[in-house]
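Thanks for coming, everyone. Please have the sequence and the model open while I talk.

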Amino acid sequence: ASNGSREGAAGAWLRTPLAPGEVITVQSGAFERDPQESSTTDEELSRAGSPSSRGGGSSTTPDYGEKRLPQALIIGVKKGGTRALLEAIRAHPDVRAVGTEPHFFDRNYHRGLEWYRNVMPKTLDGQITMEKTPSYFVTNEAPRRIHSMAKDTKLIVVVRNPVTRAISDYTQTLSKKPEIPTFEVLAFKNRTLGLIDASWSAIRIGIYALHLENWLQYFPLSQILFVSGERLITDPAGEMAKVQDFLGLKRIVTEKHFYFNKTKGFPCLKKPEDSSAPRCLGKSKGRTHPKIDPDVIHRLRKFYKPFNVMFYQMTGQDFQWEQEESDK
């Protein structure tokens, strides 16, 4: 099907001149690559992918078992909480995951499935191989490519209030490029008319309904789990129970794996059984957001509301981003 005919309801809502394929160009330019979020260099990946590398670039991987293509992927969203989810699920003994983001289905597809398999850690029978690359969710070709690898692949999407996600995305970019314009300037096509610039990747990524339509062309809803980025912070064990159920795993990662870090403002993983330091996300996580004009926030909420409602209808889940706003 052509992009035009696939736009569907969410696309009709948007009516921006940007072709869906262009979102990748927008996204991968200036507004990308957090040292922790997306730090995988080509050199690291070719090291991990070389046959001589044992255990997929992870020093802790035992030298037995075999490398397999992943059966489950964390496909999004950027600044939603994917790193936190990956670290938590890696605490499960039946999960082996790549620490770096392979970016196979968006940037490295030309390298082929053998290369991709080589990047993976070794697993034993019964263990699940996983990776996370948050940009897959907004990459047009990703659903088809993943489907052609294995149509029963399980997909996990961590979603978060699109307004706070956009500000977080901007904050990440600002930390690396302090010279960029203000959030307010980038968010509007025309500030006077209040026209939101939906072609800016920080805003476009949060139009979840639009991207999800693309995935539903290839995967049934039952193969996609939507994790609340907010609940991953307020109730990590509850969200992890859903993730483990979805992956067909025993519920091993529970309350006792987490403690709340007051400085960071979010939960951290305890080290299993021993007394060494707990695993907290790095300093690039939990950055203080810049102060944004309340009027801009209000306009963004209005802009996202119809898409959020559509996303709730499509997924059968209410993430309560609207209620959350009215409480404030």
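What percentage of the 328 residues in the protein do buried residues make up? They make up 52%. Buried here means under 20% relative accessible area, exposed means over 50%, and partly exposed is in between, with a 1.4 Å probe and protein chains only.

Some ground rules. This is a predicted model, where local features need pLDDT of at least 70, side-chain atom pairs count only at pLDDT 80 or more, and totals for chains, interfaces and linings use all residues. Residues are numbered from 1 along each chain as its sequence is written, and side-chain values use heavy atoms, with hydrogens and water left out.

Now confidence. pLDDT is the predictor's confidence in each residue, from 0 to 100. The protein has a mean of 84. Of its residues, 75% reach 70 or more. One is residues 1-6, with six contacts beyond four places in sequence. The other is residues 16-40, where the model has 73 such contacts. A contact means heavy atoms within 4.5 Å.

On to the overall layout. The protein has 15 helices and 11 strands. These are DSSP runs, numbered from the N terminus: H or I of at least four residues for helices, E of at least two for strands. Take the contacts with a separation of 6 or more: 74% of them join residues 24 or more positions apart.

Let's look at helix α14, residues 294-315. How does helix α8 pack against α14? Helix α8 covers residues 162-176, the angle is about 125°, and the axes are 9 Å apart. Axes are lines fitted to C-alpha atoms, for helices over the stretch in contact, and angles run from 0 to 180 degrees between N-to-C directions. The two helices are therefore oblique to each other. On the cut-offs, under 35 degrees is roughly parallel, over 145 roughly antiparallel, 65 to 115 roughly perpendicular, and the rest oblique. From α8, the contact uses P162, V163, A166 and I167. From α14, it uses I297, L300, R301, Y304 and N308. By type, that is seven nonpolar residues, one polar and one charged. Nonpolar covers Ala, Val, Leu, Ile, Met, Phe, Trp, Tyr, Cys and Pro; charged covers Asp, Glu, Lys and Arg; the others, Gly among them, are polar.

Helix α14 also meets helix α11, residues 208-216. Their axes come within 8 Å and cross at roughly 30°. So α11 and α14 are roughly parallel. On the α11 side we have Y208, A209, L212, E213 and L216. Facing them on α14 are F307, M310, F311, M314 and T315. That contact divides into eight nonpolar, one polar and one charged.

Is α11 enclosed or open? Eight of its nine residues are buried, so α11 is largely enclosed by the rest of the structure. Among the buried ones are H211, N214 and W215. Q217 is partly exposed, at 43% relative accessibility. Its C-alpha atom is 8.6 Å from that of R144, 73 residues apart along the chain.

Next, aromatics. The structure holds 22 aromatic pairs. Rings of Phe, Tyr and Trp (its six-membered ring) pair if their centres lie within 6.5 Å; planes under 30 degrees apart are stacked, over 60 edge-to-face, and the rest tilted. F311 and F319 have ring centres 5.8 Å apart and planes at 25°, so they are stacked. F319 and W321 have centres 5.1 Å apart and planes at 15°, so that pair is stacked too. F319 is buried at 5%, and W321 at 1%. Elsewhere, ring pairs link F104, F105, Y109, W115, Y116 and Y136 into a cluster.

Finally, the backbone. Most residues other than glycine have a negative phi, and most peptide bonds are trans. Which peptide bond is cis? The one from G76 to V77, with omega near -5°. V77 lies in the loop between β2 (72-76) and α5. K79 is found in that loop as well. Its phi is near 60°, a positive value. K79 is buried, at 8%. Q320 has a phi near 60° too, but Q320 is partly exposed, at 42%.

Last stop: helix α5, residues 82-89. Seven of its eight residues are buried, so α5 is largely enclosed by the rest of the structure. R83 and E87 are among the buried ones.
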